[in-house]
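Let's take a friendly walk through this two-chain model, one region at a time. Please keep the sequence and the 3D view open as you read.

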Amino acid sequence: MIERNDRTDFRELDPTTDPEHFEKIVASIMAAASPELQARRRRSNALGQVVSWWRPLLAAAALTGIVSVAALASVDSRAETTESQTGIAEAIGMPAQIAQWVRSDEAPDPAELWLTLEDDR
Amino acid sequence: MASGGRSDVPDESLVKRARRGDAAAFETLVRRHYRAAYAVALAKLGNAMDAEDVCQEAFIRALERIDDPDPTRFVAWLLQIVRNRAHNYRAYKKVRETQPLETVSAASSDNPDRDAERAQLRTELETALEELSEIQRDVVLLHDLQGWKHREIAETLDISEGMSRQHLMGARRTLRERLGEQVFMEYSDD
């Protein structure tokens with residue numbers, strides 16, 4: 001059997017062939033869709049406002065964070081320097097005179113060393 | 001996927017805009033995909049008026065859930081909604097209040113003889129479609145009414161292109177037996 005290749009003519013069933021009819025269908029769908037579209041627009045606008053507020057807020061927060069970190073880092077480094085000048089040798093019980101020799105990187109005179117150790121005893 | 005809309009803007013972009021409540025974008029989607037949706041609904045229900053009602057419900061449902069789909073796969077997702085709606089149609093005729101399309105479809109004209117003739121042809125087409133299997137109706141309506149290629153039909157219905165061609169041939173054979181040559185017109189196949 002030879003198969004014909006002709007298209008079935010469904011124009012009578014096709015609602016888009018009559019432009020007036022199709023426009024009414026589209027208008028009907030759009031009317032029914034209107035409340036949902038409005039609700040979506042409202043949500044979208046509200047979200048947009050929050051986003052527009054958040055951008056400068058985030059920028060300000062980031063700037064504050066950077067300034068705070070920089071300030072803390074500066075305070076910390078100064079504190080570390082001071083502590084190292086006064087403290088570690090004394091903190092482990094080393095006599096002050098010896099600690100000073102250690103920091104100054106100078107070798108003590110043997111007599112001075114003897115006297116210091118004697119005083120410390 | 002085929003598009004019958006008047007705009008060249010891709011579905012993906014229209015879906016994203018419709019999510020934000022852009023009425024023009026949603027309307028373009030309706031115009032572009034109405035006929036495919038209608039073809040699927042008609043294949044399920046066999047009645048033009050019922051198919052129009054189901055399409056309207058399906059488009060509204062699609063808008064309500066438009067955040068769900070992959071925007072690039074919108075039409076396949078829409079047609080699944082149409083199928084589900086058509087399947088449940090008899091269980092719930094009206095889920096939401098919409099303008100009844102009966103008044104739209106029952107438009108009168110100045111030529112009652114021609115109207116009667118067209119109504120008769122519509123009834124004959126609907127009756128002949130009822131004799132096809134559901135998959136045959138899907139294929140012949142998507143191909144001959146919507147104008148899709150076999151590749152697109154196969155993708156949407158999850159069948160092979162060969163099966164799509166086979167169903168189309170079977171459907172046309174039955175329709176020709178029932179309706180004669182009057183409902184066939186020449187065209188160049190894909």
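## A helix with one buried face

In chain B, helix α8 (residues 150-157) has B:His150, B:Glu152, B:Ile153 and B:Thr156 buried (20 or more other C-beta atoms within 10 Å of the residue's own, with C-beta atoms placed from the backbone). Helices here are DSSP runs of H or I, at least four residues long, and strands are runs of E, at least two, numbered from the N terminus. Viewed down the axis of α8(B), the buried residues fall within an arc of 160 degrees, so they line one face of the helix; the arc is taken from the directions from the helix axis to the C-beta atoms.

Those buried residues pack against α4, α7 and α9 of chain B. Just after α8(B), B:Asp158 has a positive phi of about 60 degrees.

## How the model is read

This is a predicted model, in which local features need pLDDT of at least 70, side-chain atom pairs count only at pLDDT 80 or more, and totals for chains, interfaces and linings use all residues. Residues are numbered from 1 along each chain as its sequence is written, while chains are lettered from A and ligands numbered from 1 in the order in which they are written.

## Where the chains meet

Chain B brings 42 residues to the contact and chain A 29 (C-beta atoms, placed from the backbone, within 7 Å). On the side of chain B that touches chain A, α2(B) has the largest share, nine residues. That side divides into 24 nonpolar, four polar and 14 charged residues; Ala, Val, Leu, Ile, Met, Phe, Trp, Tyr, Cys and Pro count as nonpolar, Asp, Glu, Lys and Arg as charged, and the others, Gly among them, as polar.

Conventions:
Buried ≥ 20, exposed ≤ 12 C-beta atoms within 10 Å, placed from the backbone. Contact = placed C-beta atoms within 7 Å.
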